[in-house]
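We will walk through it one selection at a time.

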Amino acid sequence: MKEFYHAARQVISGRRVIDNKIKYRAIGVCIALVHLLFTLAFYSMQIKPLFLYNMGITIFYTYLFIFIVNKERYISMYIASVVEILFHSSLASMLLGWNWGFMLYTITLIPVAFYLTYTLPQLNRKVSVPAIVSLIVSLTFIIVRVACERIEPMYTRAVPENAHTVFYIINSMIALDMQIIFSILFALEIRYMQHQLEKENRMLGKIANYDPLTRLLNRRSMSEHLKNVYAKAAKTKQSFCLVLADIDDFKKFNDTYGHDCGDEVLITVANMISGNVRESDYVCRWGGEEILTLLQADLNASVQIAERICQNTASNIMQYKNVDVRVTLTMGISEYQPGKTIRSMIEEADQNLYRGKRNGKNQVVYS
């Protein structure tokens, strides 16, 4: 029971779609039960043609929605249902009269056609399908209406006096319920599609904003964060620092162990840096083996963070194919000061970085 409620909540929230087999089998059972009730009613009123027809159709729907559903031939099932409902509604109206309300069922075929067109992949959202169904239903509705005006019903004397009123109310309620059910199903399908679209948009956002190898921000998304933090600092005079890190002798890893090793080194360093900064900071693969970090802290705090990252990286021994691989970083820092631009800060961090490279690598350099 708990699993059922959990599944129901997921369907209502749009996180899960109702399985087609369950959905159409349940609908088929309901239709078969309606025809079974008609069979009993027409038998009691001794309307033999409709009694025999509904008895046969009850068996037909039982077979259709138990065995054909397993083959997932939903379009064939719908076509068969359209033909049957049009024929049954027309036949019952001609034999009993228009005021029994059997033609109300034909109207429900139109929203169902739109529902199936937009939910079954086989129909590929072709507007022509519900348009054709709507045209056929409309013509049938008009023809039967005109025919009922001109032809006297065959079974009027043998039925109870208020039978047509009771049947009209029942048929109206069933037809209305069918439209409500398919409207709810349509709403749930739309909610599921929206949820999937939002999920795909989030995935696309990650693809667009993150480097696929290191899972760090890419240069484009980092540029946006730099602009926002810079604009905030210009107003509040709040300090921030840029830390540009470069993997020492990175070419050696590729040449000695292959590019797969180089990728592993990049991933390890990216994890090391991102694991040592706060959530309010931003880490980006700036280009090649360079990683740019935006620290929302002053120079002293930024130097401490950078030196910790530098030391942790140097002391960490990476295993690649049973070989110990040692990685070191050289890092250059630039602190925001009024009058500086983002470009000048990056250039300053880059100059400090290469000062560190010339002075022996594996160090943090700042102005």
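Predicted model: local features only at pLDDT ≥ 70, side-chain atom pairs only at ≥ 80, totals over all residues.

Residues are numbered from 1 along each chain as its sequence is written, and side-chain values use heavy atoms, leaving out hydrogens and water.

**Stop one.** Select Lys 23 and Glu 189, a salt bridge with its closest N and O atoms 3.0 Å apart; the term means a side-chain nitrogen of Lys or Arg within 4 Å of a carboxyl oxygen of Asp or Glu. Lys 23 lies in helix 2 (residues 20-44) and Glu 189 in helix 7, so the pair ties together parts that are 166 residues apart in sequence. Helices here are DSSP runs (H or I, at least four residues), and strands are runs of E, at least two. Lys 23 is buried at 5% relative accessibility; buried means under 20% relative accessible area, exposed over 50%, and partly exposed in between, with a 1.4 Å probe and protein chains only.

**Stop two.** Next, pick Lys 357 and Asp 246, whose closest N and O atoms are 2.6 Å apart in a salt bridge. Lys 357 is buried at 15%, and Asp 246 is buried at 6%.

**Stop three.** Now try the cysteines: the whole structure has zero disulfides (cysteine sulfur pairs within 2.5 Å). For Cys 310, the nearest cysteine sulfur is that of Cys 241, 16 Å away.
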